[in-house]
Amino acid sequence: MPNWSNWSTRHQCEPAEVHFVRSTEDIKAIVSASASAGKRIRTAGSGHSHYPLVPTGDVILDTSGLAGLIDVDASAKTATMWAGSTIYSLGRPLNDRGFGLKNQGDIDRQAIVGAISTGTHGTGRQLQNLSASVTAMTVVLATGDVVRCSARENQQLFEVARLSLGAAGVISQVEMSVREAYRLKEGGLTADFDQIRDDIMAQTEAHRHFEFFWYPRRDRVIAKWIDDTTDEPVYPLAPEGQRCAWSHEVLPNHRPEKHTEMEFSVPLARGLACLDEIRALIQRDFPTLRWPVEFRTVAADDVWLSTANGRDIVTISVHQGIDQDDSDLFHACESVFRHYEGLPHWGKVHYYTGPDLSERHPHYDKWWQARDEFDPGGVFLNDVLASLRPA
């Protein structure tokens, strides 16, 4: 039996060693010993990636014990936390200190550094992904050295590490920009797709958050918007789409059903046209698909490997149950996304090669060159990541 699997159970492996780390010193000792023995190391958070970033036959570091809020700098509006902290576990402690994450996705089960290392995001025309909020990190390199990096110190490592795919070292701590604690209020609707299609982009402008799920079989949309509010929280929390509470209580949703997922980012101006083509493809070739297609927006940033680097984006996600073959569906959808300048989410299914990514990501080659300087022996690569080199 495999002794590691991701959340969906689609990716499994039998590593020679699994270490549950609880300190930076422990990470340092394991990295030094593994590198000396010629073993590769992959770091696992909560295993929410649908792309095989973690599987290895060598060493997995499980960071779930390296968790908790370390400090909040109220004047700088930054928070420092251990790498294995789940997003849901940070909400209450940050709120108790008078702060909250600037944004998050609607799943909060991920380890914070796993989410950062894959460019995970929520939705909002003016809101960036989690990686863009990182202000500093503590990284254990392949040499065993423990290095702090930021935009002012060890800048090259910072540019690689704030969306690292776990490939430059083991991140033990992360410092993030946060905002004063805030409350949010939801609203939503259910409608035929054609009823709201022409109003979608106006809704993304009108609300802090706007997103929707399109259900192919019924050609129906469940849309939701969320805005800042000064209203007092209402408990017990109402059902999704009707809540009014603190940000960490409104943004996440319960998504227990196992699935696989493909998500691509396309330029904002081309988002609706891409969605129209994906919709037509699914209606024509996959009419029995019961899983929804999700539509969100994310603001531009300057993170090297971000799918929003230098461009505002629409993200479109296609889902399939783990008990069903997703290959035909995902290959067909990716062919559409490629036509619309699509870049794949690093933690979700895609079939891009290293040359594909090099052609489309403006900083891809530079990221690999810098990564190789910090880990020339490939200690922090697995076979899948190694296959994604630019050439």
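This is a predicted model: local features need pLDDT of at least 70, side-chain atom pairs count only at pLDDT 80 or more; totals for chains, interfaces and linings use all residues.
Reader: How many disulfides does the structure hold?

Author: A disulfide is a covalent bond between the sulfur atoms of two cysteines. Here the rule is a pair of cysteine sulfur atoms within 2.5 Å, and the structure holds 0 of them.

Reader: Which strand does Arg-148 lie in, and what does Arg-148 touch?

Author: Arg-148 is part of strand S10, residues 146-150. Strands (E, at least two residues) and helices (H or I, at least four) are DSSP runs, numbered from the N terminus. With 37% relative accessibility, Arg-148 counts as partly exposed. Leaving aside residues up to four places away in sequence, Arg-148 touches Ala-136, Met-137, Thr-138, Glu-153, Asn-154 and Glu-175; contact means heavy atoms within 4.5 Å. The side chains of Arg-148 and Glu-153 also make a polar contact at 3.0 Å. That term is for a pair of N or O atoms within 3.5 Å; within protein, one must be able to donate a hydrogen and the other to accept it, and residues adjacent in sequence count only if both atoms are side-chain atoms.

Reader: Where is Arg-183, and what does its side chain reach?

Author: Look in strand S12, residues 183-192. Arg-183 counts as buried, at 18% relative accessibility. Its side chain reaches the backbone oxygen of Thr-230 at 3.0 Å. Among the residues that Arg-183 touches are Asp-227, Asp-228, Glu-232 and Trp-246.

Reader: Which strands pair with strand S7?

Author: One of them is strand S6 (residues 69-73), which runs antiparallel to S7 with 4 bridges. Val-72 stands opposite Ala-79 in S7. S6 and S7 form a hairpin with 4 residues between them, and Lys-77 in the turn has a positive phi of about 55 degrees. S7 also pairs with strand S11 (residues 170-180), in the antiparallel sense over 5 bridges. There Ala-79 stands opposite Met-176. In S7 (residues 78-82), 4 of the 5 residues are buried, so the strand is largely enclosed by the rest of the structure.

Reader: Which residues of helix H11 are buried?

Author: An α-helix has 3.6 residues a turn, so residues three or four places apart point the same way. In H11 (residues 364-374) the buried residues are Tyr-364, Trp-367, Trp-368, Ala-370 and Arg-371. They cover an arc of only 165 degrees around the axis, which puts them on the same side of H11; the arc is that of the directions from the helix axis to the C-beta atoms. Gln-369 and Glu-373 are exposed on the other side. Helix H4 (155-161), helix H10 (354-360) and helix H12 (383-386) are included in what covers the buried residues of H11.

Reader: How many aromatic pairs are there?

Author: Rings of Phe, Tyr and Trp (its six-membered ring) pair if their centres lie within 6.5 Å; planes under 30 degrees apart count as stacked, over 60 as edge-to-face and the rest as tilted. The count is 8 aromatic pairs. One of them, Phe-193 with Trp-214, is edge-to-face, at 6.5 Å centre to centre and 65 degrees between the planes. Phe-193 lies in helix H5 (residues 193-196) and Trp-214 in strand S13, so the pair ties together parts that are 21 residues apart in sequence. Phe-193 counts as buried at 1% relative accessibility, and Trp-214 is buried at 0%. Ring pairs also link Trp-346, Tyr-364, Trp-367 and Trp-368 into a cluster.

How values were computed. Residues are numbered from 1 along each chain as its sequence is written. Side-chain values use heavy atoms; hydrogens and water are left out. Buried means under 20% relative accessible area, exposed over 50%, partly exposed in between (1.4 Å probe, protein chains only). Two strands pair if DSSP finds at least two bridges between them.
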